[in-house]
Amino acid sequence: FQAKLHAHQASVAESEAELQQQEQSLREATAKLDEDRHRLEEEKAAMQRLHRAQQEKVKLDIGGHKYSTARSTLTSIPGTLFDTILSGQSEFDADEDDGSFF
């Protein structure tokens with residue numbers, strides 16, 4: 001009986017050790033996933049900032065001279081021509097070829 005009990009206790013101890021090892025591996029994997037998620041969120045935020053900046057950029061072709069500026073610059077004074085054009089209150093559309101106005 002004692003031999004069976006010791007064998008069972010040894011088996012339980014071995015199982016507990018294996019379980020602890022698996023729990024540690026799971027904690028490490030979870031930490032890595034958290035790091036990866038954080039990096040992904042940072043990259044996503046950077047891409048969103050870049051996208052907003054690209055949307056913010058307006059190209060102008062004035063007499064063959066190409067200019068680019070921020071939409072916020074052109075719409076900073078309400079009621080101006082550019083504010084009207086860029087707010088969609090007019091029928092001006094960007095050039096289909098290069099996206100410029102005028």
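Which residue forms a salt bridge with Asp-34? Arg-37 does, and the closest N and O atoms of the pair are 3.4 Å apart. A salt bridge here is a side-chain nitrogen of Lys or Arg within 4 Å of a carboxyl oxygen of Asp or Glu.

The structure is a predicted model, in which local features need pLDDT of at least 70 and side-chain atom pairs count only at pLDDT 80 or more, while totals for chains, interfaces and linings use all residues. Residues are numbered from 1 along each chain as its sequence is written, and side-chain values use heavy atoms, with hydrogens and water left out. The term pLDDT stands for the predictor's confidence in each residue, on a scale from 0 to 100. For the protein chain the mean pLDDT is 86, and 90% of the residues reach 70 or more. Helices (H or I, at least four residues) and strands (E, at least two) are DSSP runs, numbered from the N terminus.

Arg-37 is exposed, at a relative accessible area of 51%, and Asp-34 is partly exposed, at 42%. Side chains of opposite charge can pair when their charged atoms come close.

A search of the whole structure finds 5 salt bridges. One of them joins the side chains of Arg-39 and Glu-35, at 3.6 Å from N to O. Both residues lie in helix α1, 4 residues apart, which is about one turn of the helix. Arg-39 is partly exposed with a relative accessible area of 43%, and Glu-35 is partly exposed at 48%.

Another salt bridge links Asp-61 and Lys-66, at 3.3 Å from N to O. Asp-61 counts as buried at 17% relative accessibility, whereas Lys-66 counts as exposed at 55%. Elsewhere, salt bridges that share partners join Lys-32, Glu-35, Asp-36 and Arg-39 into one network.

Asp-61 is placed in strand β1. Its side chain reaches the backbone nitrogen of Gly-64 at 3.1 Å. The side chains of Asp-61 and Lys-66 are also joined by a polar contact of 3.3 Å. A polar contact is a pair of N or O atoms within 3.5 Å; within protein, one must be able to donate a hydrogen and the other to accept it, and residues adjacent in sequence count only if both atoms are side-chain atoms.

The last stop is the nonpolar core. The largest one has 5 residues, namely Val-58, Leu-60, Leu-74, Ile-85 and Leu-86. The elements giving two or more residues to this core are β1 (57–62) and α3 (81–86). A nonpolar core is defined as a set of buried Ala, Val, Leu, Ile, Met, Phe, Trp, Tyr and Cys residues joined through side-chain atoms within 4.5 Å.

Note on methods: Buried < 20%, exposed > 50% of the residue type's maximum accessible area, 1.4 Å probe, protein only.
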